[in-house]
Amino acid sequence: MTPEKLFHELLGLGLNWEVIESRFDRASGTVFLEIGETARLWESARCPKDTSAVFCYDHTEVLTWRHLNVFQHRCEITCRLPRGKCRQCGHVHRVRPPWEGLSTHFTKEFEAFALLLMREMPMSKVAELVGETDTRLWRMLFRQVAAAYAEADFSNVCCVGVDELSVRKGHEYVSVFADLVRKRVLFATEGKDHAVWLQFVEALEQHNGHRHAITQASMDMSSAYQKGVQETCRNAQVVFDKFHVILNVNKAVDQVRRAEVRLGGAGVWEALHKSQWLWRKNPENLTAAEAARLEKIDRKSLRTAKAYQMRLVLQDIYRSPTASVARRRFRAWCRWVRWVASKQPKNLLRSMVKVADLVEQHLAGILAHWKWGVTNAFMEGLNSVFSATKRKARGYRSTTHLLTMLYFVAGQLRFPQF
Ligand SMILES: [Zn+2]
């Protein structure tokens, strides 16, 4: 068997194409496979407009597609692609070769391989490994994700969560919508106001979903998302998820700590300096050293320790067996926080009182946790998924790059080769 015949078999070219020449260029370390069409191609070629028969009109310049390596050597397919002309309408078109991927520089097999690498490592690393520019690889990913996303089916989506995630520290935000049952990202867009909901339901309905099929909408307690969901999904029950409620109380504890440090007093600075991580952890997660430090701080009866205790009690309410037990305990918690705060000088616990206000105003949505709780774990995980996405897209922080990578990582899209 000649090398050309061998490559013909390996590439699965069939009857319409043939390997004209295979050669190895020692200087560049590249295997070149020159391919051309056979006369058989024109027997089955059809006009893309009206499917009439076509004849060979002319050929393009020599084009190149990156293919999988041959052993450790770079391999490129070259071809002067034929252009067909329709016998009926006269339309001239470039014949699409069977090896071409979604981008014009890569073969299908090379794209599949690059996608596999992209699952495992940052884009810059993939580019380095395969010896392609990351611009080309990104362009390929855009096309692959766009094609796979167009095929995504949202027809069974009923439990949705939305969260705002920051693209850059403290500046731009994206809103990410997730399917809480199938644990996948459905839609993401810039901004975090109520209008993002309209964009979401449009995307939902383009993919066979329906806005009135949404029965659960999990979110933080910001009013923008609430407004958005009420305007668009009338059957959705708003759920303020546990993760965001605890996030609020954690922030409040930290505000108490900072206010207390500012106020000073004997031993306060020594006790609280660089202690913020201590207060964010649950007691069972503390190391021995941290627990010892906390023990010491506790005895000083600082306001921060009081606030921390309030946080633990609030968290414990989530262990209540039923919503009605929880309702009683949430209300008691709010009364307790206000009463303790009223006894403090300088209103040091005011940020905790704010949380109590928030809890009271949003109690119905918070209690919906007891109906829908199990589905909410994905929202908490979304934060770390998003951080991983940012690492993968490192160096390219345009929102389009980031969101494309997010769909790729967490959209559960079906790529033809996987
Ligand atoms: Zn035609």
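**Exercise 1.** In which helix is A289 found? Decide also whether A289 is buried or exposed.

*Solution.* The model is a predicted one.
Step 1: A289 belongs to helix α11, which covers residues 288-299.
Step 2: The relative accessible area of A289 is 57%. A residue counts as exposed when this value is over 50%, so A289 is exposed.
Step 3: For its place relative to H194, take the C-alpha atoms: A289 and H194 are 95 residues apart along the chain, and 45 Å separates these atoms.

**Exercise 2.** Work out how the buried residues of helix α4 are arranged, and what they pack against.

*Solution.* 
Step 1: Helix α4 spans residues 123-130, and its residues M123, V126, A127 and V130 are buried.
Step 2: Viewed down the axis of α4, the buried residues lie within an arc of 100°, so they line one face of the helix.
Step 3: E128 and L129, on the other side of α4, are exposed.
Step 4: The partners of the buried residues of α4 include the strands β3 (54-70) and β4 (73-86), and the helices α3 (108-120), α5 (134-150) and α17 (377-392).
Step 5: After α4 comes G131, which has a positive phi, near 70°.

**Exercise 3.** Identify the residues that coordinate the zinc ion, and locate C47 and C86 in the chain.

*Solution.* 
Step 1: C47 sits in the loop between α2 (41-44) and β3, while C86 is in strand β4; the pair, 39 residues apart, links distant parts of the chain.
Step 2: Both C47 and C86 are buried.

Technical notes. Residues numbered from 1 in each chain as written. Predicted model: local features only at pLDDT ≥ 70, side-chain atom pairs only at ≥ 80, totals over all residues. Heavy atoms only, no water. Buried < 20%, exposed > 50% of the residue type's maximum accessible area, 1.4 Å probe, protein only. Helix = DSSP H or I, 4+ residues; strand = E, 2+ residues; numbered from the N terminus. Arc of directions from axis to C-beta. Contact = heavy atoms within 4.5 Å. Donors = N, O, S within 2.8 Å, 3.2 Å for Na, K, Ca; no water.
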